[in-house]
Amino acid sequence: YNDNDHIELAKHLHRQDCPWLMSIDSHPRIRELYMDRCLLDIKAKYTAKNKRHADELLVSNRQLLEVED
């Protein structure tokens with residue numbers, strides 16, 4: 001995706017009244033586009049092709065509760 005794709009997605013999601021939740025790679029630009037939404041950093045473990053850990057960001061228009069392991 002390019003920056004315009006992310007801008008259009010953010011505009012679309014900002015117009016939604018229904019609850020929504022998105023998991024996306026944590027990146028400063030994503031934080032900027034959704035700074036007025038609920039953000040929660042999580043560690044994701046990928047195991048399908050290459051095993052790795054990544055920083056993900058949960059973004060929602062509803063409050064997010066952090067859960068301890």
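**Reading salt bridges, rings and a core**

Modeller: Asp 3, Arg 29 and Glu 32 are linked in a network of salt bridges. This is a predicted model, so local features need pLDDT of at least 70, side-chain atom pairs count only at pLDDT 80 or more, and totals for chains, interfaces and linings use all residues. Residues are numbered from 1 along each chain as its sequence is written, and side-chain values use heavy atoms, with hydrogens and water left out.

Biologist: What counts as a salt bridge?

Modeller: The general idea comes first. Side chains of opposite charge can pair when their charged atoms come close. The rule here asks for a side-chain nitrogen of Lys or Arg within 4 Å of a carboxyl oxygen of Asp or Glu.

Biologist: How many salt bridges does the structure hold?

Modeller: There are 5 salt bridges. Among them is the one between Arg 29 and Glu 32, at 2.9 Å from N to O. These two residues sit 3 residues apart in helix H2, so about one helical turn separates them. Helices here are DSSP runs of H or I with at least four residues, strands are runs of E with at least two, and both are numbered from the N terminus.

Biologist: Which residue forms a salt bridge with Asp 41?

Modeller: Arg 31 does, and the closest N and O atoms are 2.2 Å apart. This pair links distant parts of the chain: Arg 31 lies in helix H2 and Asp 41 in strand S2, 10 residues apart. Arg 31 is partly exposed at 28%. Asp 41 is partly exposed at 47%.

Biologist: Where do Lys 11 and Glu 8 lie?

Modeller: Both are in helix H1, 3 residues apart, about one turn of the helix. Lys 11 is partly exposed at 44%, and Glu 8 is partly exposed at 48%.

Biologist: Now the rings. How is an aromatic pair described?

Modeller: By the distance of the centres and the angle of the planes. Rings of Phe, Tyr and Trp (its six-membered ring) pair if their centres lie within 6.5 Å; planes under 30 degrees apart are stacked, over 60 edge-to-face, and the rest tilted. By this rule the count is 1 aromatic pair. Trp 20 and Tyr 34 have ring centres 6.3 Å apart and planes at 65°, so the pair is edge-to-face. It links distant parts of the chain, 14 residues apart: Trp 20 is in the loop between helix H1 (3-14) and strand S1 (21-25), and Tyr 34 is in the loop between helix H2 (28-33) and strand S2 (38-46).

Biologist: Are Trp 20 and Tyr 34 buried or exposed?

Modeller: Both are buried. Leaving aside neighbours within four places in sequence, Tyr 34 has contacts including His 6, Leu 9, Trp 20, Leu 39 and Val 59. Contact means heavy atoms within 4.5 Å.

Biologist: Which residues make up the largest nonpolar core?

Modeller: In soluble globular proteins, nonpolar side chains tend to be buried together. A nonpolar core is a set of buried Ala, Val, Leu, Ile, Met, Phe, Trp, Tyr and Cys residues joined through side-chain atoms within 4.5 Å. The largest one here has 10 residues: Ala 10, Leu 13, Trp 20, Met 22, Ile 24, Ile 30, Leu 33, Tyr 34, Leu 57 and Val 59. H1, S1, H2 and strand S3 (52-60) each supply at least two residues of this core.

Note on methods
Buried means under 20% relative accessible area, exposed over 50%, partly exposed in between (1.4 Å probe, protein chains only).
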